[in-house]
Amino acid sequence: RPLLAPPHALALLAGVLWVQTWSALPPFAVAVVAVGLASIGLALAPRWRLPLSVALGVALAAAHGARALEARWPAALDGADVAVTGTVVGIPMRDRTALRFELAPHSATVAGDPVPVGGRWRLAWYGRPVALRPGDTVSLAVRARVPRGLANPGTFDFERYAAERRITATGQVRRLLAHEPAARATVDAARARISRWIREERGPGTTTALLQALAVGDQAPVEEHAWWVLRATGTTHLVAISGFHIGLVGGFAALAAGLLLRAFPGLGLVRPRRQLQALAALVAAFGYSLLAGMSIPVQRTLVMIAVVLVAVLLRRSIGPWSALSLAMVAVLLIDPLAVLNPGFWLSFLGVAWLLHCLGARSREAWLASFGRAQAVAALGLLPVTLYFFQQGSVVGPLANLVAAPWISFVSVPLVLAASALSGAAPGPAAALLALADRVTALLWALLERMAAWPGSEWHLPEPDPLAVLLALAGAAILLLPRAVPGRALGALLLLPLLLPRVDRPPEGSFDARVVDVGQGLAVLVTTRRHALLVDTGAAHGRGSIAARVVVPTLRAAGVERLDGLIVTHLDNDHAGGVADVIAELSPGIVWRGGRAAFGTACAAGDAWRWDGVAFRILHPPRHFPELGNDSACVIQVGEGAGRLLIASDIGDAVEAMLIRREGEALRSAVLIVPHHGSRSSSSTAFIRRVQPELAVFTVGHRNRFSHPAPEVVRRYRLAGAMMLDSAASGQIRVRLDPTRGIVRVVEWRRQRPRWWQAPVEPASARG
């Protein structure tokens, strides 16, 4: 009872949120004791409910986080070969390169010694994997790793995602040891069967993938272009099995129960009509949630709906704000780490805005009410959307006005009816699925046209949390009733969010951002008014690092268009994302090393100035032969004490050429280490000539090449250089000035340390 009032629910939320800013957590046992003490205090000290609610939130979040860390694969065994036995969960996905699936581990051994396991493992099986079905029990030889992602501003934080989803290990399957097919039907097996049936009936395609997502929550077949259309039109939430869809299924079940009671009024003698309808709605919502995979976001949605329905079943009168508070408390008590998911905020804030703004207008015509709801959602959720995704959709309210009822009242009922009949009545099921495909294809054609409108999608630099809070307050003021004077002043509070201050270097200085792209290279150089990108990172079977990491990172830095792009050479880890960078950021001029059909060839001696900053290409000379890595462009930026040297993948032979040709001019305060620190580069003579104060290794954690080599690390240590690497630091940002040299160095992981971050051994520890 004490936590059900909105102030106490918000106090509980505040405690949970505070823990998410911590860099470390107390031991699990300590957190559990704190949960017990806070609970006893709430029961015995009603005067202190608000602070005790905060304390309970802190203790709960710390306990769940500590438990998640305890279950995580030990850092000491990172990269070890493991024999693991477990059950396949979820729907395995086969893409162009691998079979990807999740495993609930039962036991694991390393070199014959048992290792404790828990949570879920996310695995990839390359080559010729065995066909796996949900519920299968398998024993596998796996190279297991601690869940780890790339760390850059404005990009997806996989380590946070893994903590929230309780993914405790990732890995690559080496071979199958044993395989026992599922002995009985499971919910996941039913989901996989329905998803497979939809694909077989309609064939591969965008609308087929959308129907698979709507029916059973299988979003894996949805390709990148489709996600772009959904983002550009603000309709991504419609593809997820959202709270509205689950509520819609519950509503249809309540309606069907009402019709059944009209046909058989005697059933009303068992239980009151309203209770029977609520029970039918609860069962249907629970069934659809199972069909959706009962993921944590779906569980959260189900809890929100169940709170209201259980209140009806218990004949309790509960107001909308109390229902929302109760739902929030229930979600946080079950899983306080749900706050790490953007869906938590979009769900609760979306409902809160609608309650705040539309509750008094329930007698409006349904069309006017629906249109107002879209406007309220667009404005009210804008601050949160920009905080999590740094992008918004101008056409979103208009697109949702059409797409939301179309998906919810046409596509979803049709595909669910088809799925329900697929086993018992294949003919009618196929006809319904064909109709669902047709109507969804019509909507998709409209969304693609809207996504192509100029300015449909817009991006902002990563906002400051204070700007988000001010914008939320501004939205609340703007959404007050019309009679309230001064509502327009709320727009002023939106300005820090919509017009953020971008930290640009002064005239003559520049910033270099070494983007964390794993094993590869991408360096953004920004002057006062210009931006140059050197290399784009790699491309893999599931797309390019440029699309997923580099472009969002540049936009988070306030770069919407590049003045220049240099592709140092054509190796995949440097040039894999060229097409995506050109398409998204429209560089004014493109240089490249090696023979290619795009851009202008790099040539030693080419030079230019932007905003008082000098740029020089040092290698290769004109008419230099094609020699792979040794044909790569070498770029020097800056003058005096503030020079940056980007050496790409050159070897010691080219290093010797540069020493002879450039002499003292080769000296640079910051060096992007040649060829990621391989043994074939970074000669002692080259390091002595460059004399770097800071040497940056661009490497992937535990990469297969073992970069950087220990002897290379020793050379830089003996030269007195500070060493950083992108795997341990995440994005590395350096500001350089011609007179002051290195002004500041910012490592993204150390700038924002969080308890869920995986431990990474720095390159300087090698050798």
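Helices (H or I, at least four residues) and strands (E, at least two) are DSSP runs, numbered from the N terminus. The model is predicted: local features need pLDDT of at least 70, side-chain atom pairs count only at pLDDT 80 or more, and totals for chains, interfaces and linings use all residues. Residues are numbered from 1 along each chain as its sequence is written, and side-chain values use heavy atoms, with hydrogens and water left out.

An open sheet is built from 8 strands. Their order is β16-β15-β14-β11-β10-β9-β24-β25, and the pairing is mixed. Two strands count as paired if DSSP finds at least two bridges between them. Strands of a sheet pair through backbone hydrogen bonds, either parallel or antiparallel. The edges are β16 (600-601) and β25 (741-747), each of which pairs on one side only. Within the sheet, β9 and β24 run antiparallel to each other over 5 bridges. Across this pairing, Asp511 stands opposite Arg735 in β24.

Salt bridges were searched for over the whole structure, and 27 were found. The criterion is a side-chain nitrogen of Lys or Arg within 4 Å of a carboxyl oxygen of Asp or Glu. One of them joins the side chains of Arg735 and Asp503, at 3.4 Å from N to O. This pair links distant parts of the chain, 232 residues apart. Arg735 belongs to strand β24 (residues 732-737), while Asp503 sits in the loop between α19 (495-498) and β9 (510-514). Arg735 is buried, at 8% relative accessibility. Asp503 is partly exposed, at 29%.

A second salt bridge connects Glu584 and Arg555, with an N to O distance of 3.0 Å. Glu584 lies in helix α22 (residues 578-585) and Arg555 in helix α20 (residues 545-556), so the contact ties together parts 29 residues apart in sequence. Glu584 is partly exposed, with 34% relative accessibility. Arg555 is buried, at 11%. A further salt bridge is formed by Arg750 and Glu747, whose closest N and O atoms are 2.8 Å apart. Glu747 is buried, with a relative accessibility of 16%. Shared partners also join salt bridges into one network, made up of Asp503, Asp511, Arg733, Arg735 and Arg744.

Helix α22 has Val578, Val581 and Leu585 as its buried residues. Viewed down the helix axis, these residues fall within an arc of 70°, so they line one face of α22. The arc is taken over the directions from the helix axis to the C-beta atoms. The face turned away from the buried side carries the exposed residues Ala579 and Ala583. The buried residues pack against β11 (531-534), α20, β14 (564-567) and α21 (572-575). Contact here means heavy atoms within 4.5 Å. After α22 comes Ser586, with a positive phi near 40°.

A nonpolar surface patch of about 390 Å² is made by Leu398, Leu401, Val402, Leu446 and Trp453. Patches consist of residues with over 30% relative accessible area and no salt bridge; like charges are joined within 9 Å, and nonpolar side chains (Val, Leu, Ile, Met, Phe, Trp, Tyr) within 5 Å. Accessible areas come from the Shrake-Rupley method with a 1.4 Å probe; for residues, only the protein chains shown count as cover. Helix α16 (residues 396-421) supplies the largest share of the patch, 3 residues. Leu446 is located in helix α17 (residues 426-451). Leu446 is partly exposed, at 31% relative accessibility.

His619 and Pro620 are joined by a cis peptide bond, with omega about 5°. Pro620 lies in the loop between β18 (613-619) and β19 (634-637). Another cis peptide bond joins His707 and Pro708, with omega about -5°. Pro708 falls in the loop between β22 (694-697) and α25 (710-718). Ser706 is found in the loop between β22 and α25. Its phi is positive, near 60°, although Ser706 is a residue other than glycine. Ser706 is partly exposed, at 37% relative accessibility. Ser648 likewise is not a glycine and has a positive phi, of about 50°. Ser648 occupies the loop between β20 (644-646) and α23 (652-662). Ser648 is buried, with 4% relative accessible area.

Technical notes
Buried < 20%, exposed > 50% of the residue type's maximum accessible area, 1.4 Å probe, protein only.
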